[in-house]
Amino acid sequence: MSVCLLCREGHSGGPEAVELGELKLHTQHQTSPSLQTVGALLREACTQLPSIRGCYLTHLAYLEQSVLVSRDVFLGRNPWINSHLLPELTGPTLPSDWPFIPLISLYEWTGVSEGGGLAVEELPHGSLQGVTHCLQWLLLLEVWREEALKVILPIAKLARLSCVFLCSSDLFLERPVQRLTWALFRLLTRESRLDSLDLDVPPPGLASFQDLYTALLAQYEAVSFGDRLFGCWVLLPLQRRYSASMRLAVFGEHVGMLRSLGVTLEQLSISVERFTLPPEDSLPLLRLYFRALVTGTLKLSWCPILYVVALSHINSFIFSQDAAVQ
């Protein structure tokens, strides 16, 4: 990996150009104090390229012997070459989602440690720095090397980034992680990309997205403290085009979280029509909407987005019944 890979953009006004683009598209959201312009984050990431390189080299250290053998073959260093026969091809040297390796490794470590009796909060030394470098690298690729990430499905990106919230009870609250994850969320939820986010496709390594979403809901209720970034993450799959099972999970099994899900429409930056159209046709879900409204479990001041969504679907259902009677 070359630290000079992105230097051209970093030294030729690239971050400033991104900031101008944000101004033009009105994508800067002043309602999120943790959100920093993508241009400023890119400028900071460019200064950290050597450290980012070191982070990934550390996580890919297990490939060192293979790299040395490949180098000797390429340079023709015959005394150090045991065989010119190629090893058995068992798959790619690196997984397609290798840019997420530091984040995935931390998630796997916490999963193993939890089973071994260690607290999830006891993260390895340097975890925050490693996750920050990983997110910086992902941001650089998303903005300036989008082609490099096209082999990774949008659902896989969302699933991998969800590890930010599942690794520990407070990692997602750290300021550098918040700033970078907000920026990546904005990029992944642009209007031009939302339609390609298919949650019906199982993320690599998981049976279904529903399993991951169930874990996210439990984590949100346990440790989120109403964090707006985490709130955006759990609201995203509740769009009308996705399976009703996720909406049923929120209004059925995790209805208590509605009291702290105070994300506004400006913070979510996704059109409300994606949540309200077409009208809901799941009767069990409509019953849960109605119960949450009449019992006061769902209030505009607590959960403005889902309050509007539930009210819209209940109204549509009532008026559709009046039309049918007529």
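S269 is found in the loop between helix 15 (265-268) and helix 16. Helices here are DSSP runs of H or I, at least four residues long, numbered from the N terminus. The model is predicted: local features need pLDDT of at least 70, side-chain atom pairs count only at pLDDT 80 or more, and totals for chains, interfaces and linings use all residues. Residues are numbered from 1 along each chain as its sequence is written, and side-chain values use heavy atoms, with hydrogens and water left out.

S269 is not a glycine, yet has a positive phi of about 60°. S269 is partly exposed, at 25% relative accessible area. On this scale, buried means under 20%, exposed over 50%, and partly exposed in between (1.4 Å probe, protein chains only). F225 also has a positive phi, about 55°, and is not a glycine. F225 sits in the loop between helix 12 (209-223) and helix 13 (228-235). F225 is exposed, with a relative accessible area of 75%.

L277 and P278 are joined by a cis peptide bond, with omega about -10°. P278 lies in the loop between helix 16 and helix 17. Most residues other than glycine have a negative phi, and most peptide bonds are trans.

## Salt bridges

The structure holds 12 salt bridges. Each is a side-chain nitrogen of Lys or Arg within 4 Å of a carboxyl oxygen of Asp or Glu. Side chains of opposite charge can pair when their charged atoms come close.

E142 and R193 form one of them, at 2.7 Å from N to O. E142 lies in helix 7 and R193 in helix 11 (residues 191-194), so the pair ties together parts 51 residues apart in sequence. Both E142 and R193 are buried. E191 pairs with R274, with the closest N and O atoms 3.1 Å apart. This pair links helix 11, which holds E191, to helix 16 (residues 273-276), which holds R274, across 83 residues. E191 is partly exposed at 46% relative accessible area, whereas R274 is buried at 16%.

R247 and E280 meet at 3.2 Å, N to O. R247 is in helix 14 (residues 244-253) and E280 in the loop between helix 16 and helix 17 (283-294), 33 residues apart. R247 is buried at 3% relative accessible area. E280 is buried at 6%.

A cavity is a set of points on a 1 Å grid over the protein atoms alone, where a 1.4 Å probe fits but cannot get out; lining residues have an atom within 4 Å of a point. Points are joined across faces, edges and corners, and the volume is the space filled by probe spheres set on them.

The largest cavity holds about 50 Å³ of space. Its lining is F100, L138, E142, L149, K157, L161, L184 and L188. Helix 7 (127-144), helix 8 (154-161) and helix 10 (175-188) each give two or more residues to that lining. The lining divides into 6 nonpolar, no polar and 2 charged residues. Ala, Val, Leu, Ile, Met, Phe, Trp, Tyr, Cys and Pro count as nonpolar, Asp, Glu, Lys and Arg as charged, and the others, Gly among them, as polar.

## Nonpolar surface patch

L283, F317 and I318 make a nonpolar surface patch of about 240 Å². Patch residues have over 30% relative accessible area and no salt bridge; nonpolar side chains (Val, Leu, Ile, Met, Phe, Trp, Tyr) are joined within 5 Å, like charges within 9 Å. Areas come from the Shrake-Rupley method with a 1.4 Å probe, and for residues only the protein chains shown count as cover. L283 lies in helix 17. L283 counts as partly exposed, at 42% relative accessibility.

How values were computed. On a 1 Å grid over the protein atoms alone, a cavity is a set of points where a 1.4 Å probe fits but cannot get out, and a pocket is an open set with protein on both sides within 12 Å along at least five of seven lines; lining residues have an atom within 4 Å of a point.
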